[in-house]
Every structure is written in C-alpha cells, then in structure tokens.
Amino acid sequence: MKLRQVLEDYTFILPAVGIFIIFYIVPFFFIFRLSLFEWDGIGRLSSATFVGLANFKEIIFRDSNWWRSVSNAGWITFIALTFQNSLAFLLALACSKRIVLRGVYRIIFFIPPILSEVVVGMVWRFIINDVDGANIVNQVLAYLGLHQFVRAWLSDPNTALNVVALVHSWKGFGWAFLIFLAGLQTIPREFYESARVDGANSWQVFKNITFPLLVPVIILVAILTILGTMQSFVLIISLVGGELAGYTSVPVLRILWVMRNSSRFGYACALGINLGIILVVASFIQYKFFKKVRDLI
Amino acid sequence: MEINSWLKKYTFTLHHQKAKDVNPQMKRKILKGHAQKPSSPFLGRAGLSRGAGFTAIIHLFLLVVAVSCIYPLLWMVFSSFKTQQTIFTNLSLIPERFHFENYYRVLTQENFGRYFLNSIFYTGSVVFSIIIIASLAGYAFSRLNFPAKNLIFIIFIGAMMIPTPGNFVPLYVLLNKLHLRNTPLGYILCMISGGLPLSIFLFKTFLDKMPQELEDIARIDGCSKLRIWWNIALPFAKPILGVVAIFNTLNVWNEYLLALVVFDSKYFMPLQRALVVFRGEHLTNYPLLMAALTITTLPVIVIYLLFQKYIVRGITAEVGL
C-alpha cells in the first residue's frame, strides 16, 4: 500500500523528470565524455579516437581564434557591465520616484528585451548598414558636416566590436532596468523617511541606504549580465552577418563553427566546457568584487 | 516637533526590527548614516525633487532613451511599406505611398505564411505541454511527500544556475541517435526541457502559499490527488499560470539556436531561423526583409502590451525579487 502511494506520487513528476533527464542531464554528462575524443560526428561513436586531455591542451596553448573570440565577448560584456548597467541603474533611480509617465517609460524600456535577437540585429544593421554607404547614421553624419566619421561601421575592424556592444546594450538595458526597479521597490519606505527626519542629504541616503541594500541585486544583475553576454551570439550573426563574424567572433559562434564546418565534435565540446569554467570563475569574481565594494563604502 | 521626530524614529526602529532580511552590519551602516549631520541643509530636505531644472533634465533623459527604444521599430514598420527603389533615397520615416504588396509577396512567394504557422504550432504545443508537465511537478514538489523530493527539486533549480554553453553539441548527437533531428517533435521536446526548470520553480513556490484547508476539504470529499491538482491547485495557480504561459511563449517564439541545430529542411523552420535563411538568399532586399521582420515582431508586441504585467512579474520572480 505504501509503495503504491509512493509510485503514485512519482507519476506526478515522471514526465518532467523523464524529459529533463533525456534532454538536459544526459547531454550535460555526455559533453564531458565527448570532449576527450577526436570525432567527426559522422561515423559511429565507438570508432572515435580517445585523445585524453589533448583537446584542452590545444585550446589553452594553440587556439588563438578561440581566445580572440573570448576577449571579444569579454569586451562586449565589459561594455554591458559598465555602460548598459549604469544606464539601467540611473533610469531605475529616476523611475522609482513619483515622476509623471513613469508607467509608460517602464513599458517602453522593456520593449527591446522582448524582441528576438534576430530581429534586433537585422533592424540595426539596416540603420547602420554599409550597403552603398546609404545608411542613416552616415547620412546624418554627412548632413552635419562630419564627413571624416563616415565609415562602414560594421565591417571596419576599429568600430565593429563597439557597435555590436552598443546594440547589445540597447537590447539589454531594459531588462537590467526592470530588475533594479524591482529591487528599489523592496527597500522599505521608512528607511528613507527616518533618514530624511535625521536630515541626511540625497547623497548620504544613496550611499548609506539605497546602495548597500541594493548590493545583492547589483551582484545578481552583474552575474546574469556576464552569463548572458558571454554566451550571446544570435545578435552578432544577424547584425554582422556571416557564419564566422570576423572581427566580432564570439565563443558560441566558434563552437558552432568548429562543430559544423570543421566537424570536430570532441573539440567543440571541450570549447564548451572551457567557456563554462570561464563563466563560473567570472561570476565568482564579480560576486567577491561587489562584496568588497560594499564593505569599503 | 521633537515629539514628532521621536515618534517617527520609534516607528522606524519597530519596522526596522521587523525587516529580518536586513543583516546587522547593514543596520549599523544605516544608523551610522543617520548620525551624520547634514552637510548642506539646503540639499538635505528635498530628496530628489530639487527644483524644476533638475526634474526637466530627468525627463529629457528618460524621453531620449524612450525615443531610442521605439524609433528603430517604427523605422522597421514604415520601411516595410517602401520599395526597393525608394528605400535608400527617401530617408523620411513615413513613406509617400504604402506598398502592401511587400507583405503579400513575403507571405506567399517567400513562404513566411508557412513559417508563421510553424512558429505558432511550436509555441502552442511547447507552452501547453510545459503548463501541464510543470504544474504537475510543481504540485508534487509543493504538496506531496516522496523519497528524494528535495534532491530532485534542487537538481532542477541547479540547472537554472549552472551555465552550459555548448550543450547543443551533445544534444545534436543525441537527437541524431534518437532519429529526432530535423523533426518538429525533437525541437518541441528540447524546448520543453529548456523551459521546465523555471516553470516548475514558479509553480512550486506559488503553490506553497495554497491554504492546507482547501486541500483537506477536497480530500474529505474523496478527491484523488490528480483531481486535487486539476480542480484545486490549477485554478488556485492561475496568476502564476499566466506568467509561465507568457514567459515561455516569448521564449519559444524568439528562439534561434536550437532551431539552427535541429532543422535542416526549410519546411519545418520557425520564423527566426527562416529570417536568417531569407536574408542569406536576398541579401539586400530590405523592404521584403522589413516586412518579414514586422510579421515576426507584431505578435510579440501585441502579447507584450496585453500582458506586460505578467512578463514583469515573471522577470522579477525569476531573479527572486
């Protein structure tokens, strides 16, 4: 009787657990195993050559393309962490006050995050594209007499990566804004009221109440920004175009390319694990960093 | 005056003690902040409302950002009514004549009608399955007791937090082995799996708030657990059901990576994947591309404007605020 009841209870989670094991847990462990092989993905897996940690050695010592893509993504992430998130923070501060139309602003700021990366990339490419030099940004620059700045923004190695980072920030700031705003609203009103009674000025209120109480939210946004931005690639495909987006290649694009074009499945898996480790380490460093900042202030 | 401020301080400490999640170190810092005398009495009293000039600057800032959010979308929509001849010469936002034939061509000749239906089919079936499967599991994790319950739940939650870049490589191999690659079923199952952890988490935490009496009454009436899930837990979880539905709808509709890995034949492709293929084939036909983008985006905007409260709630629940 007891056993029947346990089995009955398990049937409730059976569909979820079943699908999850097959399509998440199995690939999760399979990636580690596969990373130790040299395999073209076509023949039988049993015919793959076991190479041990050779794939990882190759990544660390010889794959300059990979590290270049990591540093590209690192730069985009840096812009997202600084520019995008501070913009979001300022907007959240402004909208947390009783200001006219703040509900409308909130709705509008969250429009870019709900759009697909494919759409965002293609629309922005159309605005700053380099077809015949007839793009809006260049026309505006020419109109203003700033001819020396007119350029093919997305194929110029000096600007491509920064344009990608800016468009990425355009798509992402609304999301960070929303989380900051939700965080600001969890701070009890009494803190502000009593601070005002004691005559603290705006800066003191921010420094002693708003910021310290918001540190957990800031850490969270920072870590999610790192995880999201380091793994983003769809926006870059649709913005810059091409399978391997030249000066703006990012890690996931590399993994896709290694898997599809050079058919090295084991190596692609090793790259994935490498990126996973980088992400975990980077998140941990961010976590420590903001803890330190909070203690210093 | 003095009594007034004393009263406020008293209520402050009361509330302060109630707020248990504020750690003691933080408390000290807040109180230390209080002890400091205001450096400038002029700035001190007003908070952020520091005169009309400051407010105007804030509004200007908000307005500029808001316009930058909307302008590209307007540009996309209006460009879709232009022609290939005028699109690069006439840079005014609103075209002189609206060319609806772009839409006709995209939907019929370029097969976007097909891709649109594909996207609707994938989104509908994934969201429906997730709601059923995740609410069953959420109900079990919240209200039932079985061995290893917490362990299994923690594994689900862990999956939300551990980054797994490159997991599409083994997934591709696995789908090939199961003969599910390049099939709608394979795509749908992968998407269900991706949406499950967050959805289960949302259902579970919401059902934790369900009063025990509701369940007890039903049990006394002789309801089975399955009936309690269907007749009591699901209706109770309606608010979070909306969040799960909208959130997953946007997720599936906007998905690209798995569609890239799973599908080879155009026949099965969802919109996002088809867009990239389309651009590869018609590199510079911007009016058509913009029409296709508008068709892809319109449902998302409509859903967002109708249900934006659910989406906001989903985002904040996801990060635990």
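In this predicted model, residues 29–49 of chain B keep a pLDDT under 50, and the model gives this stretch 33 contacts beyond four places in sequence. For the model as a whole, the scores are ipTM 0.90 and pTM 0.86.

**Confidence in chain B**

- Chain B has a mean pLDDT of 83, with 83% of its residues at 70 or more.
- A further stretch of chain B, residues 1–24, has pLDDT below 50 and makes 14 contacts in the model beyond near neighbours in sequence.

**Overall form of chain A**

- Chain A contains 13 helices and 2 strands.
- Chain A is more spread out than a compact globule, because its radius of gyration of 24 Å is well over the 19 Å that the globule rule gives for 297 residues.
- The C-alpha trace of chain A spans about 75 × 75 × 35 Å along its principal axes.
- Of the 297 residues in chain A, 43% are buried.
- Among the contacts in chain A with a separation of 6 or more, 71% join residues 24 or more positions apart.

**Contact between chains A and B**

- Chain A contributes 89 residues to the contact and chain B contributes 86 residues.
- On the side of chain B that touches chain A, helix H15 (residues 286–318) of chain B supplies the largest share, with 13 residues.
- That side of chain B consists of 59 nonpolar, 21 polar and 6 charged residues.

**The largest nonpolar core**

- The largest nonpolar core has 163 residues, and those touching the most other members are A:Phe177, A:Phe180, B:Ala137, B:Val169 and B:Ala292.
- Apart from residues up to four places away in sequence, A:Phe177 touches A:Ala88, A:Leu91, A:Ala92 and A:Phe109.

**Helix H12 of chain B**

- Helix H12 (residues 238–253) of chain B has 16 residues and reaches 22 Å from its first C-alpha to its last, close to the 22 Å expected at 1.5 Å a residue.
- The buried residues of H12(B) include B:Ile240, B:Leu241, B:Phe247, B:Asn248, B:Thr249 and B:Trp253.
- Both chains take part in covering the buried residues of H12(B): the cover includes helix H5 (111–114) of chain A, as well as helix H6 (112–143), helix H9 (184–207) and H15 of chain B.

**A:Gly172, a buried position**

- A:Gly172 is located in helix H8 (residues 160–185) of chain A.
- A:Gly172 has 23 C-beta neighbours inside 10 Å and therefore counts as buried.
- Beyond its neighbours within four places in sequence, A:Gly172 is in contact with A:Ala80, A:Gln84 and A:Pro113.
- The C-alpha atoms of A:Gly172 and A:Ala88 are 9.0 Å apart in space, while the two residues are 84 residues apart in sequence.

**A:Leu81, a partly exposed position**

- A:Leu81 belongs to helix H3 (residues 64–96) of chain A.
- With 18 other C-beta atoms within 10 Å, A:Leu81 is partly exposed, as a residue needs 20 or more to be buried.
- A:Leu81 touches A:Ala222 and A:Thr225, leaving out residues up to four places away in sequence.
- A:Leu81 and A:Asp9 are 72 residues apart in sequence, and their C-alpha atoms lie 45 Å apart in space.

Conventions
Residues are numbered from 1 along each chain as its sequence is written. Chains are lettered from A and ligands numbered from 1 in the order in which they are written. This is a predicted model: local features need pLDDT of at least 70, side-chain atom pairs count only at pLDDT 80 or more; totals for chains, interfaces and linings use all residues. Helices (H or I, at least four residues) and strands (E, at least two) are DSSP runs, numbered from the N terminus. The radius of gyration is taken over C-alpha atoms; the globule rule is 2.2 Å times the number of residues to the power 0.38. A residue is buried if 20 or more other C-beta atoms lie within 10 Å of its own, exposed if 12 or fewer, and partly exposed in between; C-beta atoms are placed from the backbone. Two residues are in contact if their C-beta atoms, placed from the backbone, lie within 7 Å. pLDDT is the predictor's confidence in each residue, from 0 to 100. Ala, Val, Leu, Ile, Met, Phe, Trp, Tyr, Cys and Pro count as nonpolar, Asp, Glu, Lys and Arg as charged, and the others, Gly among them, as polar. A nonpolar core is a set of buried Ala, Val, Leu, Ile, Met, Phe, Trp, Tyr and Cys residues joined through C-beta atoms within 7 Å. The expected span of a helix is 1.5 Å times one less than its number of residues.
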